[in-house]
Amino acid sequence: MKRIYLDYAATTPTHPEVVEAMLPYFSDAFGNPSSIHSFGQEAKAVMEEARDKIAALIGARSEEIVFTSGGTEADNFAVKGIAWANEGKGNHIITTAIEHHAVVESCKFLERRGFEITYLPLDSYGVVNPEDVKKTITDKTILISVIHASNEVGTIEPVAEIGEIARERGVSFHTDAVQTVGHIPVNVDELGVDLLAMSAHKLYGPKGVGALYIRKGTKIIPFMHGGEQERRRRASTENVPGIVALGKAAEMAQREMDEEGKRLITLRDKLITGLCQRIDHIRLNGHPSQRLPNNVHVSIEFVEGESMLLNLDLEGIAASTGSACSSGSLEPSHVLLAMGLSHELAHGSLRFTLGRDSTEEDIERVVEVLPQIVAKLRSMSPLLKSSVGEGVKDG
Ligand SMILES: Cc1ncc(COP(=O)(O)O)c(C=O)c1O
């Protein structure tokens, strides 16, 4: 049986060209970039080349890129680093109900230490209203943090509009762009952001490496203390092979993003249409058009997401019920609840995220298999009989 991977938002396979690019820096060219001998200087040179490529992908200057151990560290660094650097100025942070746990938990951590956090609401598509940001800013606001696009429902947020507001009011603005860098155009000036988090393993690079863009002049306190690496903004010997890989992944994304995006949108829409035609009591979550090219997130009534997932897995199809980080949790997604879904509907959710190796045949197979799984599960579900009696088309 051919296995079909449709969980690219959780992680992507490292592209063979990326693996090839990083391999020499484990062995032949293993130097520490802080060393002054030729081994060190060689490592430093390739690291700076990678920095240039990453900066080019997001319209930044190379010196504004700080390497981290991934998206989580970049988000923690942005939120806590800005909070600590501005303690004398204010203690109010604005974020939203659609953030990744890396931002949510950083904010909760600060909340327990006396910071005031506003979690802005979402509309039913998961969109944050920029007017809400405007209304919520006070003289004590030191940071606004809004995700660029949701890792769960795929909605793309109006970050550029919020960026304008942040700039007018002189408040630092962070965006978690882990799901967008390398997938849709990202330009730090057009978005008006001061900080932007990214992660290599979401764009065909390896796990455990990422970066934080920090606009020149932004006041921030380092998250890691120790040596003087990364212009004293992030201590620890740099992960040279990982950084080279992120650079290569960025270069490839810049070259291929437009065409790949168009291809994925066609497949995404085919999957949405196919599922909605063949399954009753199904709804698409997230914005119908302002969404990531590779994201299909649906809720299906009278079935459990976990049961669908396990049955899909038996058919060789890998999907997700939401974000990979919370898939071990029985709590329904905070994002879906904030969008107004009931607990029952939130529990009946499935996320398919497409990528490089996804084909039309893969989509056709999901459209063939999932309605059968739903029909089987519903036939065993007392919920369905008591709620609607009849009413299931063929799924
Ligand atoms: C939106 C978003 N932010 C942050 C992260 C965390 O990135 P990492 O796994 O590199 O720590 C993820 C990964 O799931 C994500 O999707």
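One definition before the sheets: two strands pair if DSSP finds at least two bridges between them. Strands here are DSSP runs of E with at least two residues, helices are runs of H or I with at least four residues, and both are numbered from the N terminus. This is a predicted model, so local features need pLDDT of at least 70, side-chain atom pairs count only at pLDDT 80 or more, and totals for chains, interfaces and linings use all residues. Residues are numbered from 1 along each chain as its sequence is written, and side-chain values use heavy atoms, with hydrogens and water left out.

I start with the three-stranded sheet. It is open, its order is β9-β10-β12, and the pairing is antiparallel. β9 and β12 (349-353) are the edge strands, each with a single partner, so one side of each has no neighbour in the sheet. From one strand to the next, the twist averages 25 degrees; for such angles, axes are lines fitted to C-alpha atoms, for helices over the stretch in contact, and angles run from 0 to 180 degrees between N-to-C directions. β9 and β10 (residues 295-300) run antiparallel and are joined by three bridges. Within that pair, R283 is opposite S299 of β10.

Next, the seven-stranded sheet. This one is also open, with mixed pairing, in the order β2-β8-β7-β6-β5-β3-β4. Its edges are β2 (65-68) and β4 (116-120); each has a single partner strand, so one side of each is left without a neighbour in the sheet. The average twist is 20 degrees from one strand to the next. As a reminder, strands of a sheet pair through backbone hydrogen bonds, either parallel or antiparallel.

Both senses turn up here. β3 (residues 92-96) and β5 (residues 141-145) pair in the parallel sense over three bridges, and H92 has T141 in β5 as its bridge partner. β2 and β8 (residues 210-214), on the other hand, run antiparallel and are joined by four bridges. There, F67 has A211 of β8 as its bridge partner. β7 (residues 195-199) is also antiparallel to β8, with five bridges between them, and A197 stands opposite L212.

How well covered are the faces of β2 and β8? I call a residue buried under 20% relative accessible area, exposed over 50%, and partly exposed in between, with a 1.4 Å probe and protein chains only. In β2, I65 and F67 on one side and V66 and T68 on the other are all buried. In β8, G210, L212 and I214 on one face and A211 and Y213 on the other are all buried.

Now some loop residues. S236, in the loop between α8 (229-232) and α9 (240-278), has a positive phi near 115 degrees although it is not glycine. S236 is partly exposed, at 34% relative accessibility. H281, in the loop between α9 and β9 (282-284), is another non-glycine residue with positive phi, near 55 degrees. H281 has a relative accessible area of 29%, so it counts as partly exposed.

S333 sits in the loop between β11 (317-318) and α11 (334-338). Is S333 buried or exposed? At 15% relative accessibility, S333 is buried. Its side chain makes a polar contact of 2.8 Å with the side chain of E152. By polar contact I mean a pair of N or O atoms within 3.5 Å; within protein, one must be able to donate a hydrogen and the other to accept it, and residues adjacent in sequence count only if both atoms are side-chain atoms. A polar atom of the S333 side chain also lies 3.1 Å from the backbone nitrogen of V335.

Last, the ligand. It is surrounded by 14 residues, and the closest are G71, T72, D176, S199 and K202; a residue is near a molecule if one of its heavy atoms lies within 4 Å of it. Helix α3 (residues 71-85) contributes the most to this shell, with three residues.

Which side chains reach polar atoms of the ligand? For S199, an N or O atom of the side chain is 2.6 Å from a ligand oxygen. For D176, a polar side-chain atom is 2.7 Å from a ligand nitrogen. For H100, the distance from a side-chain N or O atom to a ligand oxygen is 3.5 Å. The protein covers 88% of the 390 Å² of accessible area that the ligand has on its own, with areas from the Shrake-Rupley method and a 1.4 Å probe; for residues, only the protein chains shown count as cover.
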